[in-house]
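Here's a quick tour of this one. Have the sequence and the coordinates open as you read.

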Amino acid sequence: MGVRGVSALEAVQQGVIYGCVSLLGSVALTYESLSHTSGVFHFKTHHFFTSNSGQSRIFINNEWHDSVSGKVFSTYNPATGEKICDVQEADKADVDKAVQAARSAFSLDSVWRKMDASERGKLLFKLADLVERDRAYLATLESLDTGKPFLSSFFVDLQGTIKTFRYFAGWADKIHGSTIPTDGEYFTLTRHEPIGVCGQIVPWNFPLVMTAWKLGPALSCGNTVVLKPAEQTPLTCLYIGALIREAGFPPGVVNILPGYGPTAGAAIASHMGIDKVAFTGSTEVGKLIQEAAGKSNLKRVTLELGGKSPNIIFADADFELAVEQAHQGVFFNNGQCCTAGSRIFVEEPIYDEFVRRSVERARRRTVGNPFDPTAEQGPQVSVEQQRRVLELIQSGITEGAKLECGGKAPLSKGFFVEPTVFSDVQDHMRIAKEEIFGPVQQIMKFKTIEEVIERANNTEYGLAAAVFTTDLNKAMTVSAALQAGTVWINCYNALSCQCPFGGFKMSGNGRELGEIGLKEYTEVKTITMKMSGKKS
Amino acid sequence: MPGPPSLQIHRSASRSKPCKYCRTINSHSLPPAPDMKTQPISNYLLQIFINNEWHTSIKGKKFPTINPATGVKICDVEEADKADVDEAVRAARAAGQRGSEWRQMDASSRGRLLHRLADLLERERAVLATLESMDTGKPFLHAFFVDLDGSIKTLRYYAGWTDKIHGKTMPVDENFVCFTKHEPVGVCGAIIPWNFPLLMFMWKIAPALACGNTVVIKPAEQTPLTALHTGALIKEAGFPPGVVNIVPGFGPTAGAAIGSHMNIDKVAFTGSTEVGQLIKAAAAKSNLKRVTLELGGKNPCIVFADSDLQSAVEETQKGAFFNQGQACTAASRVYVEEAVYDEFLRLSVERAKNIAIGDPLEPRTSHGPQINQHQFDKILELVASGKKEGATLECGGCAVEDRGLFIHPTIFSDVKDHMRIAKEEIFGPVQCIMKFKTQEEVIDRANGTQYGLTAAVFTRDIHRAMSVSAALEAGTVWVNCYNALHAQAPFGGYKMSGNGRELGEYALAEYTEVKAITLKLSERLTL
């Protein structure tokens, strides 16, 4: 199996075509009967998920546990609607156990707290190496559980996961405090200390990448973690548990609790023994989390929530580039992205042509089995999501937008939705205001720069935005004026672990990634010393 | 194409007198030592490394490198001179050109390469430590645990920096936008000393490569072997050709060519203050290349009566004798408060007499030979001057009988500040112990030197620790410890101990040019 050893860089350098071909061979192998050093994993018979080797159980103290309540829940393959396996269901009692483990791993004299910062970095590097080793396996599992195309899993999700761990590995011994020239006969220095036990709740759209975004900075800064994957997609996250243990993280540093939001998630948010909670998901739930934090112990909160991100296309833009990027920006990951560029504002002179070309592109978008390498789009994650997307499409039609293509669920098993394009969308329509989280592109018309800035900002959200223009002045003026945590110029979804990411307004609190991501996982301690005699 | 590096090392083709000090390491607690019999080092590891290839010198010259523990030649190495440096610079320029593979590479990929190099060093750790020990005479265990550990950690530390070298955006006035990019300086010349050959190699290349520069590096003529071995690892790690070029040779020829080269954009030198001045002058006379210097020291250690005396004795003595005293950080001036002076002296002498001198490859050995005859003679000459100027020789002060370049650990008491041994860098195992009465007095005396590399203060009193460390004119001050160097902490000298800083985030500034890019817009941006 050639794929395991292929680094992301090398794979990309080989070119997508060659990459696809080489992957195809191994995917077939991987999917049918994947063997692994610690046992034999048969996706067909699901032995591995229910065996004692863990990975379908609760991960606490580097060990695999059954749920205290004895309950399990099922996770499904959204491409077929079939159950993959049952997973132990964590609830409040399990969260309590995990917090206890995390607290004790964080106690003052623990191995973790006494470890050199550079050693923490080495552990994270090791974790990245292990993810790279098992890249094909994890990508397969991710596609199986989420329905995203395998090639996306392999090249986007796995690449992002590995890079994020490596990036934050490098920070571990570079988290600098400062010394401060205070007035009077004092000397002050700061230490950036870990916050403590961090609760982390991650969504189902990028289960692995979101796990890395959460674990990377938290561990780099020396925290311990209680992490809940989404109930729809617990499998890759649990596998990371096995790799955490293999990498050599001390017991209790990372604890993983598969379960539901209203039970396990709520227990994390309101836990008195958790010092910080980081959540990625809907704005609605984000509010509940912040409220629970306020009502319990004022734990620190970072939120990465919904978006209704505007994408502004000026008439002077590189037209081909803009059509393709706008298309990818909204349809990527079956439209299930908080960054989805779901409001496309196109300048009047090129509007008709832009719509025509966008529809053409959407019609060409191939929908199918995530393991078919020609499939650009898989199913939505669940039947609930599929229904919600179809319901919003219906509202668009009812409110008078023009359905250019798609709009239906194809007649096959699985939770698929056709790539859908609406033109003549008005700002007041639900499809222009609500986060759809599906493959639905809204295209609006604008006339002036002032107008489009105002309309783009006229939302409760502020996650991402993009502007397509070849005019330097327009690019800078619009990017400065947009109320969004990320603005892309002539590109979309250009995320990298070095750059901060997060939302203005109701798209979130705080930032993830980049150096600034460390700030959310440290407490600053000011140490001021009285000096005797003169300062020098 | 040369094959993989040979793990077998030619120790000495014909050792005339077998020496009882010399035997290979054989201890279960150690990694297996390489077979050291008669297999020659692969020839290519003794050549000039340019463009990821091995070259003979243009002039056809070679120079020998000697094992200082035996005085026997280890092997001959191709000798780089100006013409070879020119070749290396051409390669480095091409590798660093706009559009080159190296310049187009993602910053994070540069980090991956540095990590891979660290992994390879780890793989070759025993071989490199052995080579280092043979070529320098330093005890193998020091080479293995200090030099190699430091080298690997330095590489990993800077591997992490590559994609974290941030520019800024500035809120400039009016309708402008301004941001900075921290760009590589270009071709960086590096000239490194013989006391920590591999470690200094990494201190130079790791930040240089992290920032995206290319390098032409000259190891010291006394100790070229680990640098050349590393050349093979650099190639194996996958650095593009020309990114690192290694030119073994002499200071007045190859070194001078680097110092005055019109196509080298920056030079970093570690060595004597005297040569540092030449380098800076050459840089100024040629192309105003950027210069960083890490030079000599005459480092004060201040021991207060309230300190943990046993620990102070150990730390200061290790500071003085570590690496046979051949360290720019050597703790060569120890100021002891009057009340504990006699006791401190007694304990120090007792400890010095118990230092295990012997074959560097023997695991019990903690003290090896000096690097060469020239250094050996210079040290003994300074010892003689100490005696002549009236200091009391408490122990040592002479060569080990029949052992070539070994010198007994030496302690002088009653040393006065005006004596040569209190003013000049000895670079040998000589500890000078002085007495002081007041804090004010000792600070003045400690600072009364042209040097300012490191200093240490031993005390339990927090006020004293803080006020003395603030008052000392030194780039590094250790409190209740000595030689506590870390890749994360900056290192460099005040005054004539150097220019600039190595290690830590600070070193990145020495390997980058800051470019401010200002855009004029048609109108003022909203805040």
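## The nonpolar cores

The largest nonpolar core in this predicted model holds 146 residues, and those with the most contacts inside it are A:L219, A:F249, B:F201 and B:F239. A nonpolar core here is a set of buried Ala, Val, Leu, Ile, Met, Phe, Trp, Tyr and Cys residues joined through side-chain atoms within 4.5 Å. Buried means under 20% relative accessible area, exposed over 50%, and partly exposed in between (1.4 Å probe, protein chains only). Apart from that core lies another, of 28 residues, with B:F412, B:M419, B:I421 and B:A455 among them.

Take A:F249: leaving out residues up to four places away in sequence, it touches A:N62, A:W112, A:L123, A:L124, A:L127, A:L219 and A:I244. Contact means heavy atoms within 4.5 Å.

## The annotated glutamate in chain A

An unreviewed UniProt entry puts an "active site" annotation on A:E304. UniProt positions follow the numbering used here, feature names are shortened, and annotations may be inferred rather than shown by experiment. A:E304 sits in strand β13, residues 300-304; helices (H or I, at least four residues) and strands (E, at least two) are DSSP runs numbered from the N terminus.

Why does A:E304 count as buried? Because its relative accessibility is 2%. Beyond four places in sequence, its contacts include A:W213, A:F279, A:C338 and A:E512.

In chain B, the "active site" annotation from an unreviewed UniProt entry covers B:E294, found in strand β11, residues 290-294. B:E294 is buried at a relative accessible area of 2%. Among the residues it touches beyond four places in sequence are B:W203, B:C328, B:F491 and B:E502.

B:E502 lies in the loop between β19 (498-499) and α16 (506-510), and is buried too, with a relative accessible area of 8%. Its side chain makes a polar contact of 2.6 Å with that of B:K204. Polar contacts are pairs of N or O atoms within 3.5 Å; within protein, one must be able to donate a hydrogen and the other to accept it, and residues adjacent in sequence count only if both atoms are side-chain atoms.

## Confidence and conventions

Over residues 1-53 of chain A, though, pLDDT stays under 50. Where pLDDT is low, the predicted coordinates should not be read in detail.

Residues are numbered from 1 along each chain as its sequence is written, with chains lettered from A and ligands numbered from 1 in the order in which they are written. Local features need pLDDT of at least 70, side-chain atom pairs count only at pLDDT 80 or more, totals for chains, interfaces and linings use all residues, and side-chain values use heavy atoms, with hydrogens and water left out.

Note on methods:
pLDDT is the predictor's confidence in each residue, from 0 to 100.
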